[in-house]
Amino acid sequence: MRKVFVEVEDCQPGMKMAETIYNEYGAVIVGESTVLDVHLINKLLNLGILRIKVMDDGTMSQSAPEPDDAEVFKMQYNENVDEVKSILSDISSGKNLDMKKVNHVSDNIAGRINENRDIVTCINELRTADEYTYAHSVNVSLLSMLIAKWMRYEVKTIKTVIQAGLLHDIGKGLIDQSLLNKPEVLSKEEFNEMKKHPLLGYRLLEKMNNVCLLY
């Protein structure tokens with residue numbers, strides 16, 4: 001048997017789960033190997049879970065196997081890190097903050113809202129010193145989203161929190177890049193310069209009408 005993704009609305013009684021589904025608190029909703037019935041299918045739909053992984057005994061359509069969940073997350077995570085790198089590079093070169101890029105990354109992150117455990121696991125596995133500055137912004141955004149969800153914030157508020165996490169270090173784009181990426185220990189003067197990035201970021205965002213600032 002192979003594991004395949006299906007839309008929950010297309011599920012049929014008798015299908016066997018190929019993954020465990022958790023709620024936002026980490027409690028099991030449906031366990032792996034559970035045989036679906038009408039009640040469980042409706043339960044998943046009512047909880048807003050739209051896509052699951054089930055076992056295919058060969059009777060389902062033979063479409064190409066989809067990438068593993070972790071691989072999909074890793075690819076999108078790396079794309080988001082590259083996008084953040086591009087955003088900071090633009091600012092460093094004197095360009096304005098590109099909110100289209102920011103919103104694109106924010107939307108990508110919001111799309112992972114139901115993958116609580118996968119997010120934490122993947123963040124731990126994808127730590128990289130070389131891309132720390134850029135990956136850190138993505139990590140903060142992902143974890144901020146989970147916290148906002150656990151606090152039962154409305155979707156609109158969660159999206160604002162995601163954006164805030166993504167932009168919290170935006171002022172680093174206004175710090176000299178040789179200083180930002182310096183591998184050696186910073187001198188006192190250099191450290192004092194680095195500490196200016198929160199205020200620089202705030203001043204940058206303060207001028208923009210399409211960014212929500214929290215006072």
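1. Val84, Ile87, Leu88, Val102, Ser137, Leu166, Leu167, Asp169 and Ile170 line the largest cavity. The model is predicted, with local features needing pLDDT of at least 70, side-chain atom pairs counting only at pLDDT 80 or more, and totals for chains, interfaces and linings using all residues. Residues are numbered from 1 along each chain as its sequence is written, and side-chain values use heavy atoms, with hydrogens and water left out.

2. On terms: a cavity is a set of points, on a 1 Å grid over the protein atoms alone, where a 1.4 Å probe fits but cannot get out, and lining residues have an atom within 4 Å of a point. Grid points are joined across faces, edges and corners, and the volume is the space filled by probe spheres set on the points. The whole structure holds two cavities of 30 Å³ or more.

3. The volume of the largest cavity is about 60 Å³. Its lining has seven nonpolar, one polar and one charged residues; here Ala, Val, Leu, Ile, Met, Phe, Trp, Tyr, Cys and Pro count as nonpolar, Asp, Glu, Lys and Arg as charged, and the others, Gly among them, as polar. α2 (69-92) and α6 (155-167) each supply at least two of the lining residues, and α2 has the largest share, three residues. Helices (H or I, at least four residues) and strands (E, at least two) are DSSP runs numbered from the N terminus.

4. The second largest cavity holds about 50 Å³ of space. Its lining consists of Phe73, Gln76, Tyr77, Asn80, Ile109, Arg112, Val138 and Leu142. Five of these residues are nonpolar, two polar and one charged. α2 and α5 (132-150) each supply at least two residues, and α2 gives the most, with four.

5. Helix α3 (residues 99-110) and α6 have axes that come within 9 Å and cross at roughly 120 degrees. That angle makes α3 oblique to α6. Axes are lines fitted to C-alpha atoms, for helices over the stretch in contact, and angles run from 0 to 180 degrees between N-to-C directions. Angles under 35 degrees count as roughly parallel, over 145 as roughly antiparallel, 65 to 115 as roughly perpendicular and the rest as oblique. For α3 and α6, the contact (heavy atoms within 4.5 Å) is made by Met99, Val102, Asn103, Val105, Ser106, Ile109 and Ala110 of α3 and by Ile162, Gln163, Leu166 and Leu167 of α6. It comprises eight nonpolar, three polar and no charged residues.

6. The axes of α5 and α6 are 7 Å apart, and the two helices pack at an angle of about 155 degrees. α5 is therefore roughly antiparallel to α6. On the α5 side the contact is made by Ser137, Val138, Val140, Ser141, Ser144, Met145, Ala148 and Lys149, and on the α6 side by Ile158, Val161, Ile162, Gly165 and Leu166. By class, the contact of α5 with α6 has eight nonpolar, four polar and one charged residues.

7. Gly31 lies in the loop between β3 (28-30) and α1 (38-46). Gly31 and Met17 are 14 residues apart in sequence, and their C-alpha atoms are 7.2 Å apart in space. Leaving out residues up to four places away in sequence, Gly31 touches Met17, Glu19 and Thr20.

Definitions and conventions: On a 1 Å grid over the protein atoms alone, a cavity is a set of points where a 1.4 Å probe fits but cannot get out, and a pocket is an open set with protein on both sides within 12 Å along at least five of seven lines; lining residues have an atom within 4 Å of a point.
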